[in-house]
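Here is a short report on a predicted model. Please look over the sequence and structure before reading on.

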Amino acid sequence: MSRNQRIALVVAALVVAVVAFAVAQPGDGDGGGEERAAQTAPAETRTEPGGRTTPTGTQPRGRPQPEITRIRLRGGTVIGGPKRIRATTGDTVRIVVNADARDEIHLHGYDLYENAAPGRPARFVFRADIEGVFEVESHVAEDAGKDPLIGRLVVEPA
Amino acid sequence: MIPLAHGLVGRADLPIPEWLFGWAAAMVLVVSFVALAVLWPDPRLQREGWRPLPRGIGRLLASRPVEVACGAIGVLLLAVVVYSGLRGTQSSTANFAPTFIYVIFWVGLVPASVLLGDVFKAFNPWRAIGRAVGWVARGAARGELPAPLAYPRRLGRWPAVAGIFAFAAMELVASNGDRPENLAIATLVYSALTFVAMALYGVETWVERGEAFSVYFNLFARLSPIETRDGVVGLRKPLAGLPTVEPLPGTVPLLAVMIGSVTFDGAAEAPIWTGIAPDIARLFEDLGLSPQGALELTFLLGLIAAILIVYAFYRLGVVGARSVGGGFSVDRLAGAFVHTLVPIALAYVAAHYFTLLLFQGQAISFLASDPLGDGADLFGTADSQIDYGLIGANATWYWQVGFVVTGHVAALTLAHDRALAIYDDAGLAVRSQYWMLAVMVGFTSLALWLLSQANV
């Protein structure tokens with residue numbers, strides 16, 4: 001193979017790579033949005049911006065949208081296992097943690113701490129502006145040497 | 001489940017989206033076949049072509065005062081790690097030791113070695129102390145010290161295999177592996193073992209063969225265009241340092257531990273592991289182990305399994321390459337191509353720990369000011385915070401996929417060059433490469449799959 005043929009082959013491969021990338025990459029809010037909605041299992045909670053429309057305002061949702069994620073702690077464990085809270089960048093997330101004992105709830109990454117006590121749940125209201133997967137932990141469980149994980153906040157790019 | 005290590009971080013990456021996974025996997029195949037067609041027909045990387053940095057800069061950078069200063073910094077950091085581990089708060093995120101060891105040292109030194117050469121050799125506290133003790137002892141003895149024992153050739157890099165495995169087990173298996181006190185004690189034990197071995201076999205020999213972290217970072221440093229030779233810092237072709245890796249006994253297992261431990265760290269979050277781990281742990285509990293002991297044993301077995309799978313897969317490719325002819329033994333071929341696994345190992349570390357270094361690495365700013373977690377503010381940075389907005393999910397995905405594909409290309413290039421060098425017949429060289437190519441595609445696909453498996 002001559003030098004020119006080699007260069008042509010490399011250039012052709014690069015062009016294929018770039019075109020494939022452009023074709024495969026989902027556009028803003030179309031394919032990606034539907035995919036996310038379809039993937040959301042019934043047990044999961046989707047937090048929506050309270051009353052407002054999303055910045056793009058075009059993503060159709062085919063099912064009711066619970067606004068608040070409720071997590072219940074009994075005897076240091078989560079009823080129904082750790083919750084998954086899904087959000088898209090820009091959403092307002094609302095989480096309420098009911099506990100049957102005094103506790104401190106920590107949302108990693110956003111680094112928010114709220115106290116909970118019987119009858120006085122810990123309430124989190126914030127804008128999801130950091131992407132990633134963040135753990136929600138009970139500090140009482142952690143200090144007792146138990147699994148502190150009570151939920152995961154999943155913030156996906158818009 | 002009882003929490004294991006990694007209490008250090010409460011953040012994880014989003015899995016790469018399906019379309020990007022598909023695109024990257026396709027690219028790996030395209031790149032591989034194009035590489036077979038266009039790579040050079042004569043070996044090019046087997047000679048390094050090293051040249052010193054101009055105008056005496058190369059000599060200055062490796063001069064005695066610089067060497068002493070770097071060694072002193074290394075020793076100081078070792079002392080800070082041990083002191084803060086023993087005397088500081090036992091909260092792993094508020095103490096200097098865990099973040100320094102697991103993030104700055106273990107992960108941060110990898111890109112530093114690739115970009116700047118073997119920096120750990122300069123800052124290695126054990127080497128600095130060993131050399132200083134040797135210097136003082138020679139002065140006291142007024143002459144030469146008795147010669148160290150000959151390093152057994154069969155030992156090769158096996159001490160480093162043991163060291164890196166122990167470190168991985170501490171990080172990924174031990175449930176209290178991020179407790180500052182435990183880390184300080186482990187550091188002291190490792191330091192003592194290192195000094196004994198240095199006394200037996202000589203400081204430089206042990207640093208080259210047995211001291212686990214020196215061997216580990218040195219492998220990555222061989223990717224670097226910067227190398228110090230005979231007291232002078234110089235430049236060479238990128239990648240050209242790798243073909244000089246001597247395939248000493250234990251080298252293939254070392255690479256298997258390096259790749260396998262990152263694989264296990266990634267897979268531990270994947271459904272494939274989280275689905276079966278509790279069942280295995282329950283089995284051990286039924287046999288009479290405590291819940292924590294059962295879980296640790298389960299994770300230890302998982303780590304060993306991941307390492308064995310990586311090792312077996314490489315051996316399989318080598319056995320295949322041998323079958324095309326050429327008259328080489330399996331061991332000879334396994335050693336001849338082992339250096340091609342270093343860029344793969346780098347891709348695994350870079351893709352998996354990229355955001356850990358980027359985010360948790362920032363914590364060192366406030367931890368340096370308050371190493372014990374007692375409210376001190378030595379440098380005025382104790383109130384700084386981690387900026388999690390530094391990089392978004394999309395950019396993270398592109399970097400991760402970029403690392404994996406780049407590592408794949410580097411590994412293919414090295415394997416191709418080595419095949420041309422060892423086979424007399426160009427046809428045999430190419431046919432042996434189909435097997436190595438399959439190995440590389442396998443490892444790269446595994447890396448991509450792990451990136452798509454994050455726990456969401």
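## Helix packing in chain B

Helix α7 of chain B spans residues 158–172, and helix α10 of chain B spans residues 212–221. Their axes come within 8 Å and cross at roughly 95 degrees. Angles of 65 to 115 degrees count as roughly perpendicular, so α7(B) and α10(B) are roughly perpendicular to each other.

## Nonpolar cores

The largest nonpolar core has 145 residues. Which of them touch the most other members? They are Ile164(B), Ile259(B), Ala345(B), Leu346(B) and Ala447(B).

Neighbours within four places in sequence aside, Ile164(B) is in contact with Ala212(B), Tyr216(B), Leu254(B), Val257(B) and Met258(B). A second core is separate and has six residues, among them Tyr201(B), Val203(B), Trp206(B) and Val207(B). In soluble globular proteins, nonpolar side chains tend to be buried together.

## An open sheet in chain A

Four strands of chain A form an open sheet. The order is β3-β2-β5-β8, and the pairing is mixed. At the edges stand β3 (77–78) and β8 (122–127) of chain A, each of which pairs on one side only.

Strand β5 of chain A covers residues 92–99. Six bridges join β5 to β8(A), and the two strands run antiparallel. Val93(A) stands opposite Phe126(A), a residue of β8(A).

## Where the chains meet

The contact between the chains draws 27 residues from chain A and 24 residues from chain B. On the chain B side, β1 (11–12), α1 (18–38) and α18 (393–422) each supply at least two residues. Which element gives the most to this side? The answer is α1(B), with nine residues. By class, the chain B side divides into 17 nonpolar, five polar and two charged residues.

Strand pairing also links the two chains. Strand β9 of chain A, residues 132–138, is joined to β1(B) by two bridges. These strands run antiparallel. Phe134(A) stands opposite Arg11(B), which lies in β1(B). In general, strands of a sheet pair through backbone hydrogen bonds, either parallel or antiparallel.

How values were computed. Residues are numbered from 1 along each chain as its sequence is written. Chains are lettered from A and ligands numbered from 1 in the order in which they are written. This is a predicted model: local features need pLDDT of at least 70, side-chain atom pairs count only at pLDDT 80 or more; totals for chains, interfaces and linings use all residues. Two residues are in contact if their C-beta atoms, placed from the backbone, lie within 7 Å. Ala, Val, Leu, Ile, Met, Phe, Trp, Tyr, Cys and Pro count as nonpolar, Asp, Glu, Lys and Arg as charged, and the others, Gly among them, as polar. Two strands pair if DSSP finds at least two bridges between them. A nonpolar core is a set of buried Ala, Val, Leu, Ile, Met, Phe, Trp, Tyr and Cys residues joined through C-beta atoms within 7 Å. A residue is buried if 20 or more other C-beta atoms lie within 10 Å of its own, exposed if 12 or fewer, and partly exposed in between; C-beta atoms are placed from the backbone. Axes are lines fitted to C-alpha atoms, for helices over the stretch in contact, and angles run from 0 to 180 degrees between N-to-C directions. Angles under 35 degrees count as roughly parallel, over 145 as roughly antiparallel, 65 to 115 as roughly perpendicular and the rest as oblique.
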